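Subject: Structure for you to look over

Dear colleague,

I am passing on the structure we spoke about. Please have it open while you read the notes that follow it.

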Amino acid sequence: MTPRSRSPKLTWPKTTELVGIEFLLQAEQDYELYSQYTIALHAWFLQQIQAFDPELSAALHDGESEKPFSITGLDGQFVAHSRNLQIKQGQVYRWRVNGFSQAAVVGLATWLKKLPTEIVLKTTSLAVQEVQIALPATTYKALGNDSIEGSSLSLTFSSPTSFRRKGHHLPIPWPRNVFHSYLRRWNLFSGQDVPQDEFLDWIDEHVIIQRHQLQTVKVAAGKRGSVTGFTGAITYGLDRKAQENSDFYRLFFALGRLAPYCGTGHKTTFGLGQTMAGWHLTQVNVETPSSQALLAERIGELTTIFREQRRRTGGERAQAIAENWATILARRELGDSLQDIAQDLELSYETAKTYSKLARPTVTTIDETA
C-alpha cells in the first residue's frame, strides 16, 4: 500500500482552548484486534504525549477527575472473526482526539509538529494517511457568545453513553445528568465558574425532552468492568420561562456546543460518550460488534456474581475488585493473554495471576451447582 501524502501542518491560534483532530488510518494487512482495543488507543496517545511532555502526560492520566481530552474508537468496517475484531487490509478507519483545555490543546499542537507515521496497538499497525481538523479551534468565550437559533437543541450519541448514579449505570439521557456532565468540564477548564446547583435546578425546571430515538447497549468499557449505556439522538427544548434567566439560557446552548469536544457521561477517554451536535442518526453506525457485546455480557454477569459474594463489605473497593476479577476472567475465557490483561488493567502480572486464580474456582463452583 502506498501512503498518501499527509495533510499540511495543522495550526490554530495560540488562544485556542478547544479543538478536535481526526486521523485517517489504513492497515497494510489484515489484523485481529482484541475487543477492548480502546485501552491500547488511550495508552498509545498518552505515551505519545509523554515522549515530549511527561508532566502533561501525567496530568492527562492522573490529574483532574475530569480529563481535558476525549478519544473515540475506530470508525470503520470491522469483520467478526472468532472472538476478536478483524481489520481489513486497505480499509480506512477514522480516529478522533479532542482537547478542551488550553494545556491539552497546546500539547496537541506540539505533538502534531512531529506527527507519527503509524498507530501501533499491540500487534496491530495502522498507517497514518491523513490528519485533519474535525472540530473547529475555538474558545470557551466563543462558545458562550455564539448566536442562538430557536429554543431547542439536539444531540446524537454515537457511542455507548452512560452516567454513574448510586453505584450503578444510568443508561438514560436525563437532562440534569447530561448537562451536569458538561458543566463539570466547563467549570474546570473555562475559567468561567457557574453555580452548579442553581444551574441544575434551572435545568430541572425548564428543560423538556421533545423527542428521542434511543437504544440500550452493554459494552466492555475502560480498563475494567462493563457499562450499560445508550446510543441514539434526543432533542431538548426550553419552556417559555427559561429566558427569564438569560445567563443560564445562554449557557444551556453553550454547553450543547461543548458536548462534541468533551463527550457525554463517563469513560470518554476510552471511546464512550461520543457526541454530535444535531440529529444525525442516518450518519451514525451505533451497532456494537458481536465480539464486544459477548465480552460485555460476560463481564457484567461475572461482576454480579463477585459483587454478590462481597455484599457484606460493599462499597467502591468491593465493586472495583469484582470488576477486576470479572474482566480478567472474561478476557481469559476469550483467549487474551494474562500479560496483556495485566498491562491493560495497570496491574502487575503476579496480581493479575492471583486474581485469576481466586476468581476461577468461584465461578466453576457456581456453574456446577446451577
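A residue is called buried here if its relative accessible area is under 20%, and exposed if that area is over 50%. Please keep in mind that this is a predicted model.

The cut-off applies directly to Thr124. Its relative accessible area is 1%, so Thr124 is buried. The residue belongs to strand β8, which covers residues 124–138. Setting aside residues up to four places away in sequence, Thr124 touches Tyr31, Glu32, Leu33, Ile87 and Ile119.

Next, the sheet. Four strands make up an open sheet, ordered β12-β13-β9-β14, with antiparallel pairing. The edges are taken by β12 (207–220) and β14 (275–277); each has a single partner strand, so one side of each has no neighbour in the sheet. On average, and with direction ignored, neighbouring strands of this sheet are turned by 15° against each other.

Within the sheet, β9 (residues 152–161) and β13 (residues 226–238) run antiparallel and are joined by seven bridges. One of the residues to look at here is Ser152, whose bridge partner in β13 is Gly237.

Helix α5 lies across β9, β12, β13 and β14, and runs at about 80° to β9. Helix α6 (residues 196–206) also packs on the sheet, where it touches β12 and β13. The direction of α6 makes about 110° with that of β12.

Is Phe199 buried or exposed? Phe199 is a residue of helix α6, and its relative accessibility is 0%, so it counts as buried. Apart from neighbours within four places in sequence, Phe199 is in contact with Phe179, Leu183, Val194, Phe248, Leu251, Phe252 and Leu255. As for Asp247, it is 48 residues from Phe199 along the chain, and the C-alpha atoms of these two residues are 9.6 Å apart.

Last, the surface. Ile172, Trp174 and Ile209 make a nonpolar surface patch of about 290 Å². Of these residues, Trp174 sits in the loop between β11 (168–170) and α5 (175–189).

Regards

Note on methods
Residues numbered from 1 in each chain as written. Predicted model: local features only at pLDDT ≥ 70, side-chain atom pairs only at ≥ 80, totals over all residues. Heavy atoms only, no water. Helix = DSSP H or I, 4+ residues; strand = E, 2+ residues; numbered from the N terminus. Buried < 20%, exposed > 50% of the residue type's maximum accessible area, 1.4 Å probe, protein only. Contact = heavy atoms within 4.5 Å. Patch = residues over 30% accessible without salt bridge, like charges linked within 9 Å, V, L, I, M, F, W, Y side chains within 5 Å. Areas by Shrake-Rupley, 256 points an atom, 1.4 Å probe, with all protein chains shown as cover. Salt bridge = Lys/Arg side-chain N within 4 Å of Asp/Glu carboxyl O. Pairing = 2+ DSSP bridges. Axes fitted to C-alpha atoms, helices over the stretch in contact; angles between N-to-C directions.
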